[in-house]
Amino acid sequence: MAEIRVQNLRKAFGDFVAVQDSNFVVEDGEFFVMLGPSGCGKTTTLRMIAGLELPTGGQILLGGEDVTMLRARERDIAFVFQLFALYPHMNVRKNIGFPLLAQGMPSAEIRARVEETAKLLRIDHLLDRSVSGLAGGDRQRVALGRAIVRRPKCFLMDEPLGTLDTEFRDLMVHELRELHNRIHATTVYVTHDQMEAMSMADKIAVMKHGVIEQFGTPREIYDRPATMFVADFIGSPPMNFLKFGGGLAKGAREIVVQGAKVAVPEVREDIAPADMALGIRPEHIRFDDASKLRGAIYGTEYLGTTQIVAVETADGIIKARVPAEIRLNAGDHVGLTLNSARLSLFERGSGRAVRTSIHDTASERRVRHG
Amino acid sequence: MSLTTAHSVVAPSANSKRFAGAIIIAYALISIVPLLWIFATSFKTPPDSIAYPPKIVFQPSIEGYCNLFTTRTRQTSEYINSLGPATGFCDETVRKRNMVIAGPSNFLPRFVNSLIIAFGSTFCAVFLGTLSAYGFSRFKVPLADDLLFFILSTRFMPPIAVAIPIYLMYRELGLSDTALGMILLYTAVNVSLAVWLLKGFIDEIPREYEEAAMIDGYTRLQAFWRTVLPQATTGIAATAIFCLIFAWNEYAFAALLTSGTAQTAPPFIPTIIGEGGQDWPAVAAGTTIFLVPILVFTILLRKQLLRGITFGAVRK
């Protein structure tokens with residue numbers, strides 16, 4: 001197992017820049033997830049780490065060794081593909097043993113290693129089956145088996161759960177994380193599904209248009225989004241934004257939104273007058289008739305323990321997550337209070353988050369953009 | 001099926017199935033009657049073969065096969081009677097017609113030529129075709145579309161249109177009437193078909209298979225050999241059959257470029273007619289034997305061929 005260090009990594013296909021000067025470090029034994037919408041460059045980054053694409057610029061270090069221009073087979077990594085790429089002309093045993101065969105390992109040893117791996121993944125009863133008859137979850141396990149059997153430096157996974165049914169997917173998310181806890185393999189996992197990312201990752205990099213918008217733990221990314229894109233991409237429903245204008249002074253603790261004063265975390269930097277946005281997670285909104293921030297109920301989505309309430313305000317619709325017991329009718333006028341300790345402030349022009357007291361405790365690594 | 005009483009929207013009704021079956025049987029009969037006719041004729045005696053009205057029921061004889069494999073000379077009955085007892089069935093049959101066997105005919109060597117040339121050129125065309133199709137499918141080949149069009153364009157005119165230049169070139173190069181020359185020629189004609197057919201098949205194989213193998217420690221060539229080829233067998237088999245059928249049946253070039261040592265069966269078989277009258281049973285026997293290899297090859301690869309020509313429709 002090894003640390004993965006990516007420095008100023010860049011990839012262009014003609015005029016199109018797929019990845020722009022990426023920098024991040026995946027520490028030894030970490031489960032790292034690259035999250036972003038399709039076309040954001042996350043798969044290209046993964047393929048460059050694997051050696052399936054060569055970078056236009058930058059460096060990739062694997063356990064301290066510069067592998068930037070090495071062939072895939074010289075890097076000692078394992079890759080799990082979205083469509084698993086199980087060889088249909090081989091049975092489960094041969095599929096799992098295939099990487100060992102390349103190393104010229106004696107067949108008795110291959111046999112032992114394959115069986116050990118299959119036991120770990122609880123597929124030892126399937127070893128002599130054809131891969132084409134397997135269910136989605138078992139195919140996934142065979143693909144994982146082929147990856148871990150060789151004990152490589154790291155695992156790279158490209159949306160490996162993308163083709164599974166929702167039911168299977170939840171199960172596999174759990175299994176993958178459990179497997180990771182047992183073998184502590186450095187893993188880079190690419191997905192566009194925030195649920196997978198949040199539930200499995202030690203660290204997440206959120207990407208957009210080839211740029212890493214934020215790098216941090218799931219908690220940091222959810223609680224302290226670095227940009228409006230991250231705030232909007234993570235969370236279901238996403239963070240609400242309320243527009244306001246004017247500058248902010250260091251030490252400010254209050255802003256005015258739609259004529260109502262709102263207490264915010266203490267601002268830690270001076271911001272020149274500009275278009276700003278106040279970011280509020282739906283669960284940090286409560287109904288309070290005394291509040292000056294007002295709106296009309298537009299509709300509700302009942303979710304059992306909670307409900308999502310859409311409220312039409314002067315600044316468009318915002319969504320609140322409130323207990324399911326509250327009875328609300330469309331058209332009712334309500335006042336909204338916001339949980340001041342959990343609010344985010346953004347500059348709308350750049351989308352960047354303003355530094356406030358919520359960042360004080362953050363041991364967040366800053367992501368450098370070149 | 002539990003829904004036997006329900007009317008399915010997509011499944012054909014019993015009547016339409018019967019109708020389709022009748023058409024298929026009728027078509028099969030029309031196709032197979034000439035083959036049966038040749039097969040039957042090969043077991044007739046020469047008088048039976050030209051009888052009118054044609055004989056459906058006849059006394060089978062292998063005289064046609066005897067005549068196919070031998071050359072015979074006419075002798076007086078005194079000379080024939082002076083010979084010892086006949087050494088076999090063929091000997092006996094031939095003597096009844098006042099002839100003796102003078103030696104083996106050229107059919108066997110011509111047939112062997114056909115085998116060597118057809119299978120040799122098929123192997124070369126499929127081998128080259130697979131490699132180039134893989135290249136076109138997986139790599140960024142400069143001017144790939146133009147090259148593919150150029151490869152296809154060699155099929156725009158009938159091969160025989162270039163027969164004269166090829167004849168002249170072959171004479172200069174000393175390739176006339178050689179097996180090598182014929183293999184090269186048939187390979188050149190077939191390789192365009194092979195590239196186009198196989199490119200379609202290889203495009204269908206996801207490149208993740210090779211990528212997975214290359215990450216797992218194999219070189220590209222090993223990855224191709226171990227993951228792409230086994231999955232392309234269907235396409236390769238179908239392509240091989242098409243190439244083989246062309247090379248096996250080709251008549252025009254063979255008649256023009258081969259005359260002796262490298263002559264193939266198709267130009268040879270008609271020459272049998274000339275030897276001692278119209279020997280239709282011998283011609284039919286030659287044709288029957290000529291059909292065997294291609295029939296066996298096709299039956300062996302039947303499954304792949306069926307999947308091959310319907311591919312795209314059933315693959316996924």
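Among contacts in chain B between residues at least 6 apart in sequence, what percentage join residues at least 24 apart? In this predicted model, the figure is 75%. Chain B is built from 15 helices and 2 strands. Its radius of gyration is 26 Å, whereas the globule rule gives 20 Å for 316 residues, so chain B is more spread out than a compact globule. Along the principal axes, the C-alpha atoms of chain B fill a box of roughly 85 × 70 × 40 Å. Of the 316 residues in chain B, 33% are buried.

Chain B meets chain A through a contact that takes 14 residues from chain B and 17 residues from chain A. On the chain B side, two elements give two or more residues each: helix 10 (208-215) and helix 11 (220-249). Helix 10 of chain B gives the most, with 6 residues. By class, the side of chain B that touches chain A has 7 nonpolar, 4 polar and 3 charged residues.

Chain A is assigned two domains, domain 1 spanning 4-223 and domain 2 spanning 228-359. The centres of domain 1 and domain 2 of chain A, taken over C-alpha atoms, are separated by 37 Å. Contact between these domains of chain A involves 7 residues of domain 1 and 5 residues of domain 2. On the domain 1 side, at least two residues each come from strand 9 (203-208), strand 10 (211-216) and helix 7 (218-223) of chain A. The residues on that side of domain 1 of chain A divide into 3 nonpolar, 2 polar and 2 charged.

The strands of chain A can be followed from strand 1, residues 4-13, which pairs with strand 4, residues 57-62, in the antiparallel sense over 5 bridges. In strand 4 of chain A, A:Q59 stands opposite A:Q7. Strand 4 of chain A also pairs with strand 5, residues 65-66, again antiparallel, over 2 bridges. Here A:L62 stands opposite A:E65 of strand 5 of chain A. The hairpin formed by strand 4 and strand 5 of chain A has 2 residues between the strands, and A:G63 takes a positive phi near 60° in this hairpin.

The buried residues of helix 1 of chain A include the charged side chains A:K42 and A:R47, along with A:L46, A:M48 and A:I49. After helix 1 of chain A comes A:G51, with a positive phi near 95°.

A contrasting position is found in strand 16 of chain A, residues 294-302, where A:E301 lies. A:E301 counts as exposed because 12 other C-beta atoms lie within 10 Å, and the cut-off for an exposed residue is 12 or fewer. Leaving aside neighbours within four places in sequence, A:E301 is in contact with A:Q307 and A:I308. A:E301 and A:A324 are 23 residues apart in sequence, while their C-alpha atoms are 9.5 Å apart in space.

Note on methods:
Residues are numbered from 1 along each chain as its sequence is written. Chains are lettered from A and ligands numbered from 1 in the order in which they are written. This is a predicted model: local features need pLDDT of at least 70, side-chain atom pairs count only at pLDDT 80 or more; totals for chains, interfaces and linings use all residues. Domain bounds come from an automatic or database domain assignment. Two residues are in contact if their C-beta atoms, placed from the backbone, lie within 7 Å. Helices (H or I, at least four residues) and strands (E, at least two) are DSSP runs, numbered from the N terminus. Two strands pair if DSSP finds at least two bridges between them. A residue is buried if 20 or more other C-beta atoms lie within 10 Å of its own, exposed if 12 or fewer, and partly exposed in between; C-beta atoms are placed from the backbone. The radius of gyration is taken over C-alpha atoms; the globule rule is 2.2 Å times the number of residues to the power 0.38.
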